[in-house]
Amino acid sequence: MTSAEPSFELVPGAEESPVILHVPHSAREIPDEVRAGIVPADGALERELDHIVDAHTAELAAEAAAMSHVAPWRFVNRLSRLVVDPERFPDEREEMLAVGMGAVYTRTTQRAPLRPEGFDPEPLIARYFRPYARAMTDAVAQRLAATGRAVIVDVHSYPSAPLPYELHGEGPRPPVCLGTDSFHTPPELVEAAREAFAGFGGIGLDSPFSGTYVPLEFYGRDPRVSALMVEIRRDTYMSEPGGPAGPGLRRLAAALAALVDATTR
């Protein structure tokens, strides 16, 4: 991928669908000019990507979209979150700054240096973070204009064992964790997700990860925008860390499609 290519893709769905499946952490791609500012050697970087990437979640979202009665829209990050993490607050509101994982990471999952001391994140914020945020804001605005509402379903995965960077890794790690927001996650959206993922051996709320992504223009302001984060424990569908997907992926795609259908009605 060259620096001229977009770092994200909006995959159209049905015009009448309010749903956007948001896939921010599925990619491993790091442009050469960004790689030059990353400390670990190639082998160590590959191992870090194995741990930090939400592997196969783009495939999961694509399969779910194909199975849905009314196709949702998909907003997919095509670059690794080690370039920028589009879901972090770009300022001091971000609690993950405590472990060097704000919008631009300076530490790895093991809390080792990822970028050198004194690294200036602003060029990466300008080149990658802000265009992504604007495009996602536009995608939500388009769903509001077309349907009168927007439903963001954040598609993530997480490891079965906690990693050192996790701030809340001591809590439960259910097969499916639903991340919620007090303003943007209505109870009926949580209930629809509970029903859709009921067959996977347990569903938890906000542990080990909480919250969900809403573009800042709408965050805490527009109740027409609802959102839910779906965090899937990786051992339910793949070999950890960073290995191939197994048969669980298709079952999860069917469950995600069921959530999309319930939300679209």
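Let me begin with A133, which is found in helix α4; helices here are DSSP runs of H or I with at least four residues, strands are runs of E with at least two, and both are numbered from the N terminus. The model is a predicted one, in which local features need pLDDT of at least 70 and side-chain atom pairs count only at pLDDT 80 or more, while totals for chains, interfaces and linings use all residues. Residues are numbered from 1 along each chain as its sequence is written, and side-chain values use heavy atoms, with hydrogens and water left out.

A133 and E217 stand 84 residues apart in sequence, and their C-alpha atoms are 9.4 Å apart in space.

Which residues have the most contacts inside the largest nonpolar core? They are F197, V230, L256 and L259, in a core of 61 residues. Helix α6 supplies the largest share of this core, with eight residues. A nonpolar core is a set of buried Ala, Val, Leu, Ile, Met, Phe, Trp, Tyr and Cys residues joined through side-chain atoms within 4.5 Å. Another core, of 17 residues, lies apart from the largest one, and its members include Y132, A150, V214 and V225.

Beyond its neighbours within four places in sequence, F197 is in contact with V176, I203, V230, L252, A255, L256 and L259, where contact means heavy atoms within 4.5 Å. In soluble globular proteins, nonpolar side chains tend to be buried together.

Next, the backbone. Most residues other than glycine have a negative phi, and most peptide bonds are trans. Where does this model depart from that pattern? R111, which is not a glycine, has a positive phi of about 70°. R111 sits in the loop between β3 (73–77) and α4 (122–147) and is partly exposed, with a relative accessible area of 39%. D206 also has a positive phi, near 60°; it belongs to the loop between β6 and β7 and is partly exposed at 28% relative accessible area.

Two peptide bonds are cis. One joins S207 and P208, with omega of about 10°, and P208 lies in the loop between β6 (203–205) and β7 (225–233). The other runs from E240 to P241, with omega near -15°, and P241 lies in the loop between β7 and α6 (248–264).

Note on methods: Buried < 20%, exposed > 50% of the residue type's maximum accessible area, 1.4 Å probe, protein only.
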